[in-house]
Amino acid sequence: MEFVVFAIFAALAVLAAAGVVVARNPVYCAVALLVSLLSVAALFLVLWAEFIAVVQIMVYAGGVMVLFLFVIMLVDLEQRGFDLGAGRIGPRPSAFERGLWAVAALAFGALVLSLMVRSLDLPLPGADRAATMLQGPYAADGRGLGNTEWIGMLLYTDWLVPFELASVLLLVAIIGAVVLARRDQADAPAGKGAA
Amino acid sequence: MYPVLQYFVVPFIHGVVLTLVLLLCVAYLTFMERKVIAFMQVRIGPNRVGPRGLLQPIADVVKLLIKEDLTPDAANRVIFYIAPVIATLSTIAAFAVIPYGGPEATVSIFGFPIRPYLADVNVGILYVISISSIGVFGIVLGGWASNSKYPLLGGLRSAAQMISYEVPFGLAIIGVLMVTGTASLVEIVQWQQQHTWLFWLQPFAVVLFFIAGVAENNRAPFDLPEAESELVAGFHTEYSGFKFAFFFLAEYIAMIVVSALVVTLFFGGWLPVTFGLGHLFPKLPALLSGAWGGPWVMLLFGMGWVFIKVFFMLYLYLWIRATFPRYRYDQLMNIGWKFMIPASLAWIVLTGAGILAVQAIRS
């Protein structure tokens, strides 16, 4: 039963990901990406990782994708000289260039695949520790691997430094965005700037 | 005994029944809206179809069904069709985790246990928030696919508005999570059963949550995406017939979802209203929750309480709509980013301090 659900959503995720690359209309690309993200969330559910699944939907589908769409809808690509009908930007690459790209893509794919296979053997970091720390209903059977409590405990104990570093990174990004937006406004006093 | 039946067919039927009930509620919510607002504006409201106008929603549905379904020539047909579906499906899906009775009100039909909620997931609240954040795609895509300037502006406004108010919407419930220690909606109500309604502990969070909820629903006074005096009808200007009805449904179901969430999180969900007399008369809660009559009675009573409480929240929605004028766009953004978010963050800090203080007193 798990396999059937996995197969459906894995196929959907891969097909939609292909759609992101193949589709010519940028809004179709965005919708395909949305389908792909939601399918991956379903795959997380198959792994009992409810929290990650929900966060995947909330952050990527509900937040990031809406902003993508926002930008796509505002920027008229055809006006900016991109020939959407041809489906590419710039001149057609030579055969040598294309071969080079294919080799690079294959090498990267092999690297990711080998890492994935290798990680199957590794124990989940901190899993045993979380099991002892957590005295909830899921402590015994380890079923709630993605549970909110579990992730929270690990995040604020073993992984505190990376967690805080990630939040500093996000803060830097936010401040950077504000600085860029403000400079834009100063350069063009006629435009009121984005609301 | 039949896992396929128990885990797929029965929940499917449960979901279908729940959806049909929701649709009926939406039909009469529109009637209630027209009647209540008419009352507040000293009018009579619809009173021609059926006794006291009670069949008006049926007539409206039939009208929407048989109306010509136009698609503009310049519209992007695929996305024009799927946008209303996304909007409606995401709001209906949010209802799956909202309990209308306790686990003790589980009834058995043909040997299958039917719980008074479709699912009790560990991440209940987060599920509702994430699913409702999908709903914005329906509006944004619908506005874009119409290929017309007012829908596009309405869609963009709604994208900015819903993203802005999702933040305080999520932050307002963190206090609830901190106090109860769980994100499951059923367990949150059970916590309130043992202690007290979270409204008494989180009064400010209720206000923030409800305001953010009204803004998330694009309801007055935050109905800028469809501000008729500026944008004709906003994102659904080009929609007609049943595709328009889908957007309409999405908005009203979302109202019911937010009301049900407020009731579940802060007003004790299926728990009876005892007006604080539970301590004086210890038997009162059991009497009012139907605990004297087995699961079917408890289910009926639980549904009754949820219905009454949700009804009051919906009335509040209509009251607000009849009372306040629409905000200007910059006012909307200022309220969202400069008041709602800092206030909800401050409330989280206050809640944390309160929990620490209680722990210090108890130890």
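In chain B of this predicted model, the axes of helix H4 (residues 124–145) and helix H5 (residues 149–172) come within 7 Å and cross at roughly 165°, where axes are lines fitted to C-alpha atoms, for helices over the stretch in contact, and angles run from 0 to 180 degrees between N-to-C directions. Helices here are DSSP runs of H or I of at least four residues, numbered from the N terminus. H4(B) and H5(B) are therefore roughly antiparallel to each other, a term used for angles over 145 degrees. H4(B) passes H5(B) in a left-handed crossing, meaning that the near helix is turned anticlockwise from the far one by less than a right angle. On the H4(B) side, the residues that meet H5(B) include B:Ile129, B:Val136, B:Val140 and B:Trp144, and among their counterparts in H5(B) are B:Leu152, B:Ala159, B:Met162 and B:Phe169, contact being taken as heavy atoms within 4.5 Å. By class, the contact of H4(B) with H5(B) comprises 10 nonpolar, five polar and one charged residues, with Ala, Val, Leu, Ile, Met, Phe, Trp, Tyr, Cys and Pro counted as nonpolar, Asp, Glu, Lys and Arg as charged, and the others, Gly among them, as polar.

Residues are numbered from 1 along each chain as its sequence is written, while chains are lettered from A and ligands numbered from 1 in the order in which they are written. Local features need pLDDT of at least 70 and side-chain atom pairs count only at pLDDT 80 or more, whereas totals for chains, interfaces and linings use all residues, and side-chain values use heavy atoms, with hydrogens and water left out.

H4(B) also packs against helix H3 (residues 77–94) of chain B, at an angle of about 160° and with the axes 8 Å apart. H3(B) and H4(B) are therefore roughly antiparallel to each other, and their crossing is left-handed. Their contact has 15 nonpolar, four polar and no charged residues.

A further contact in chain B joins helix H1 and helix H13, which pack at an angle of about 50° with their axes 10 Å apart. That makes H1(B) oblique to H13(B), and the crossing is right-handed. The residues of this contact divide into 11 nonpolar, no polar and two charged.

Over all chains, the count comes to five salt bridges, each a side-chain nitrogen of Lys or Arg within 4 Å of a carboxyl oxygen of Asp or Glu. In one of them, the side chains of B:Glu33 and B:Arg321 meet at 2.5 Å, N to O. Because B:Glu33 lies in H1(B) (residues 3–40) and B:Arg321 in H13(B) (residues 294–323), the pair ties together parts that are 288 residues apart in sequence.

Between chain A and chain B, about 2300 Å² is buried, 82% of it on carbon and sulfur atoms, buried area being the accessible area (1.4 Å probe) that two parts lose on being put together, summed over both. The contact takes 27 residues from chain A and 25 residues from chain B, and zero salt bridges are found across this interface.

Conventions:
Helices (H or I, at least four residues) and strands (E, at least two) are DSSP runs, numbered from the N terminus. Angles under 35 degrees count as roughly parallel, over 145 as roughly antiparallel, 65 to 115 as roughly perpendicular and the rest as oblique.
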